[in-house]
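Me: I'd like to learn how to read a few features of a protein model. Could you walk me through one?

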Amino acid sequence: MNVTLKLFAAVRDIVGESSRELQLDEGATPEQLWRDLVSHHRELYVHRIPMVAINEEYAGSDTELHEGDEVAFIPPVSGG
Amino acid sequence: MPMAYLTDDIIDIRNLAAGVVRPSDGAVVTFAGVVRDHHQDKAVESIEYHAYRPMAEKEIDKVVRSVAAEHPNVRTGVIHRLGMLKVGETSIAIVCASSHRADAFEACRKIIDGVKETAPIWKKEFGPDGTEWVGWQSDRTDPVPDIDQKE
């Protein structure tokens, strides 16, 4: 299934991309995506998995993804 | 249709207030979040704000609606600026208007607290000691053995 991954702030800087189109198996979760990112970007290893948003709503990292979902990792926010 | 809460332009607080205040309002509380020249012990020269824009609009709207439900007599306006800001510039402006001040003060505080907690907005600080995404370094957990090991 097709899923869009959005990256922000420090995670975007480390990975080097703001957006990535992914081909995933059914039942994939954001937690699996994070582990994959960490395996390719060692600097992420010392950080807990950030907050997750699916289709612009906060969601659990173990939420199963569906075709067309937009997943985002939300590092610690600092707005306001 | 909710108002747009994000802008790339300099914030005009008076304009924001003009859109909120009614003749029945006896109290107008205004909050401005301003870029300051330090963060803990580090000097700051400028800050760049980034956002997951569509989600930030939604999350700010949720905060505004939640506060409106708790304070139905208060009207509010919120604008958060994105992009590069220098010390002294306003990053967020909130206007709360009500017949009486207790409600307006309370609503304003709840809005800034809520936005700071939930909006997917990030600031990158620039200063003489370097550049840092606020909140990222302090989010580290265990050291990575081969990166952090000293000789």
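Reply: Happy to! Let's begin with residue classes: Ala, Val, Leu, Ile, Met, Phe, Trp, Tyr, Cys and Pro count as nonpolar, Asp, Glu, Lys and Arg as charged, and the others, Gly among them, as polar. Keep in mind that this is a predicted model.

Me: Which residues line the largest pocket, and how do they divide into classes?

Reply: From chain A come Arg48(A), Ile49(A), Pro50(A), Met51(A), Tyr58(A), Ile74(A), Pro75(A), Pro76(A) and Val77(A), while chain B gives Glu117(B), Thr118(B) and Asp139(B). By class, the lining holds eight nonpolar, one polar and three charged residues. The volume of this pocket is about 180 Å³.

Me: How many helices and strands does chain B have?

Reply: There are four helices and 10 strands in chain B. Read from the N terminus, the order is β-α-β-β-β-β-α-β-β-β-α-β-β-α. Along the principal axes, the C-alpha atoms of chain B fill a box of roughly 70 × 30 × 30 Å.

Me: At what angle do helix α2 and helix α3 of chain B pack?

Reply: For a packing angle, the cut-off to know is that over 145 degrees counts as roughly antiparallel. Here α2 (residues 53-70) and α3 (residues 101-118) of chain B pack at about 150°, their axes 9 Å apart. That angle is why α2(B) is roughly antiparallel to α3(B). The crossing of α2(B) past α3(B) is right-handed.

Me: Which residues meet there?

Reply: On the α2(B) side they are Glu59(B), Ile60(B), Val63(B), Val67(B) and Glu70(B); on the α3(B) side, Ala107(B), Lys110(B), Ile111(B), Gly114(B), Val115(B) and Thr118(B). Sorted by class, this contact has six nonpolar, two polar and three charged residues.

Key: Residues are numbered from 1 along each chain as its sequence is written. Chains are lettered from A and ligands numbered from 1 in the order in which they are written. This is a predicted model: local features need pLDDT of at least 70, side-chain atom pairs count only at pLDDT 80 or more; totals for chains, interfaces and linings use all residues. Side-chain values use heavy atoms; hydrogens and water are left out. Axes are lines fitted to C-alpha atoms, for helices over the stretch in contact, and angles run from 0 to 180 degrees between N-to-C directions. Helices (H or I, at least four residues) and strands (E, at least two) are DSSP runs, numbered from the N terminus. Angles under 35 degrees count as roughly parallel, over 145 as roughly antiparallel, 65 to 115 as roughly perpendicular and the rest as oblique. A crossing is left-handed if the near helix is turned anticlockwise from the far one by less than a right angle, and right-handed if clockwise. Contact means heavy atoms within 4.5 Å. On a 1 Å grid over the protein atoms alone, a cavity is a set of points where a 1.4 Å probe fits but cannot get out, and a pocket is an open set with protein on both sides within 12 Å along at least five of seven lines; lining residues have an atom within 4 Å of a point. Grid points are joined across faces, edges and corners, and a volume is the space filled by probe spheres set on the points.
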